[in-house]
Amino acid sequence: MKLRTLCLTSALAITASAAAADMTFNRISSFATPLNMADGEDRDRATSAEIIYATEDGMTLVYTDSPLGVIGRIDITDPAAPKPLGNVDMGGEPTSVAILGTTAFVGVNTSESYTAPSGKLVMLDALSGEVAGECDLGGQPDSVALARDGSFVTVAIENERDEDLGDGRVPQMPAGHVAILDVADGVAQCDTLIKADVTGLADIAPEDPEPEFVDVNDLGEIVLTLQENNHIVVLNKQGEVLNHFSAGSVNLELIDATDERGALNFTESQPDRLREPDSVQWIDDTHFAIANEGDMDGGSRGFTVFAKDGTEVYESGTSFEHAVIRTGHYPDKRSDAKGVEPEGMEIATFDGTPFMFLLAERASVVGVYDMTDPAAPVLKQILPSGIAPEGAVAIPSRNLLVTANEADLIEDGGVRSHVMIYDYAEGPAQYPTLTSEGADELIGWGAISGMVAGDDGMVYAINDSFFGYQPTIFTIDPSATPARITKALRITRAGMPAQKLDLEGITTDGDGGFWVASEGRTDRVIPHAIYHVNAKGEIKDEIGLPAELLAGETRFGFEGVTRVGDTLWMVVQREWGDDPADHVKLVSYNTDSGEWGAVLYPKAKPGTGWVGMSEIVAHGDFFYVIERDNQIGEAAVTKKIYRIPAADMVPADLGGELPVVTKEEVRDLLPDLLSWNGYAVDKIEGLAITRDGTVYVSTDNDGVDDSSGETFFWSFKLD
């Protein structure tokens, strides 16, 4: 079968569609950190990419890997095809890195305990991995920064608190300080070490400052965040305090502040929320920005621009988080904590435009801001990243941006830690592919599952059990670029949000309403069922499964539903107890007569994990299904669309021998997934086909829970 691709990219959601001459950032490659392990090493160990930097020529990346106690190195001579250069053992836990020429200055934590902190600054050649020297820092290092002229290096000595001691509150001695060392001939001079005292400055635990992040401007001035102390300090290279002031607080409105509710309700507030900044970066010699991640008591979900005299120049409030919400990346399970958690930050100038790259740790995105006017930053893009972006480095000389994403989900069989590379070039933004930007209200969304094409040109989608207290039908306008969610219709029962549903399939009823299929799970008292929902979202009919079908029940139930006249067809995700190996049922239900039936579908035999079904759509003379494995990244094999002749779909009675249908491969979806230059996500869940043969496909982002949050929505044409 010949297919014609319609769209695999999309313009940015923050503004109108980009013209061809517009410059945008787009991801061009990804690098999984286990690739830096040597042959024979156990690659099932957790690894991580945290703080990252580039050599002066922009050809080599160096990142800290705390779990392995190494720094990793990557050759990006061809940034679209990064190559491993191997790991270098640091004799402790590397916490941060900065590079002068090809010399990497690495902060290494060697602490025996929280009460006996220690650490060193290690200098090594980024290309050869050879160590040039090391200096004792007299405490546990966090952030490392170099003077712009290379004349000195400064390190935030955090001496972090024990979060299990005394309710995790400061003060917990010993106090932190700021280390400053001269650099000569590319090497830090240990005997010049200055331990700048920053005690007695903050209103919160002044005796126990916990320095978090440092940055240096062109004047050689050091800006420092004291995160738990909610304080900011500006010093000179001699360690003298030039100014200091509270980071202050923010009144947050229209946020979701209730944890793990399984619903997105942005109606709450948090007055006087302490900023508790993590990273800080100079914008120019007068202004700097802080990322207000929070830690002990705060976290204001955005960023703030200050002048170095302490004047607040700009406060983002909830605007950044709201932009993240519209892209489907809001982490609901962090609602009562710190929301999207802006943590890392990079500021650099590309083609004369100063940009800030704000990393949202829990939302796994990068906000790209034009900082031409520090008092009026402009959000230009939201970039997808790996899980939990921790560090970033810009390489303007090569028009590159790089992020380091620390989460490694190997223990849960998930995706590995990744470094991701973006190119600044002409062309439209490729992400997001789906957004609720432009809707009449703030629509939070995620965990998109089943889809159906409506006769009105819209695509209708549902969310799954991740949002179990807010089952919703989303109206998607696929003609926009990116596709736009224009409406959220809540599914209700007796006037309240319907519960005990795990919605995985949706189809139209021909009368303005819908049929939805719920994947049951008996151990959670969720029934296997189909539901008739009217145009107002009200459940009007509930159809339970017959005893003959439930006799072989497992938790892997209906994953899709489609309608042909009075007959609904549902696809079961995996084998039930009475199914032959590698066969699943396609179940029929006649809404007029109430009769049930089924056929068997022969699915692929898995090489690793399992293979199951995700969707079913009737179109023309065929039924189309999604068949996928549960593998992610390099392990992904089966992500395909098949079609079944409608003539094969003749149901037999349940409880007896079922006929086996034939199938034909329509499209391998792995190349589509990899076209966004990340890793292959595991859950392709949505499929919709319009009358003219346009096929829409979407992925499920699991509500940004142990997921990068990336949702891909794309289309192609059946010829």
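Entry 1: I started at Asp692, which counts as partly exposed at 47% relative accessibility. I kept in mind that this is a predicted model. I then asked which residue forms a salt bridge with Asp692. The partner is Lys717, and the closest N and O atoms are 3.1 Å apart. Asp692 sits in the loop between strand S52 (684-689) and strand S53 (694-699), while Lys717 belongs to strand S54 (residues 713-718), so the pair ties together parts that are 25 residues apart in sequence. I checked the accessibility of Lys717 too: its relative accessible area is 14%, which makes Lys717 buried.

**Entry 2: Asp523 and Arg521.** Next I looked at Asp523, whose side chain meets that of Arg521 in a salt bridge (2.9 Å, N to O). Is Asp523 buried or exposed? I found a relative accessible area of 57%, so Asp523 is exposed. Arg521 has 18% and is buried; the cut-off for buried is under 20%.

**Entry 3: Glu542 and Arg493.** I moved on to another salt bridge, between the side chains of Glu542 and Arg493, at 2.9 Å from N to O. Glu542 lies in strand S43 (residues 539-544) and Arg493 in strand S38 (residues 492-493), so this pair links parts that are 49 residues apart in sequence. I noted Glu542 as partly exposed, at 42% relative accessibility. Arg493 is also partly exposed, and its relative accessible area is 26%.

**Entry 4: the wider tally.** How many salt bridges does the structure hold? I have 33 in my notes. I also wrote down a network of salt bridges that links Arg334, Lys338, Glu341 and Arg362.

**Entry 5: a sheet of four strands.** I finished with an open sheet, where the strand order is S22-S23-S24-S25 and the pairing is antiparallel. Which strands stand at the edges? They are S22 (280-282) and S25 (312-315); each has a single partner strand, so one side of each is left without a neighbour in the sheet.

Key
Residues numbered from 1 in each chain as written. Predicted model: local features only at pLDDT ≥ 70, side-chain atom pairs only at ≥ 80, totals over all residues. Heavy atoms only, no water. Pairing = 2+ DSSP bridges. Helix = DSSP H or I, 4+ residues; strand = E, 2+ residues; numbered from the N terminus. Salt bridge = Lys/Arg side-chain N within 4 Å of Asp/Glu carboxyl O. Buried < 20%, exposed > 50% of the residue type's maximum accessible area, 1.4 Å probe, protein only.
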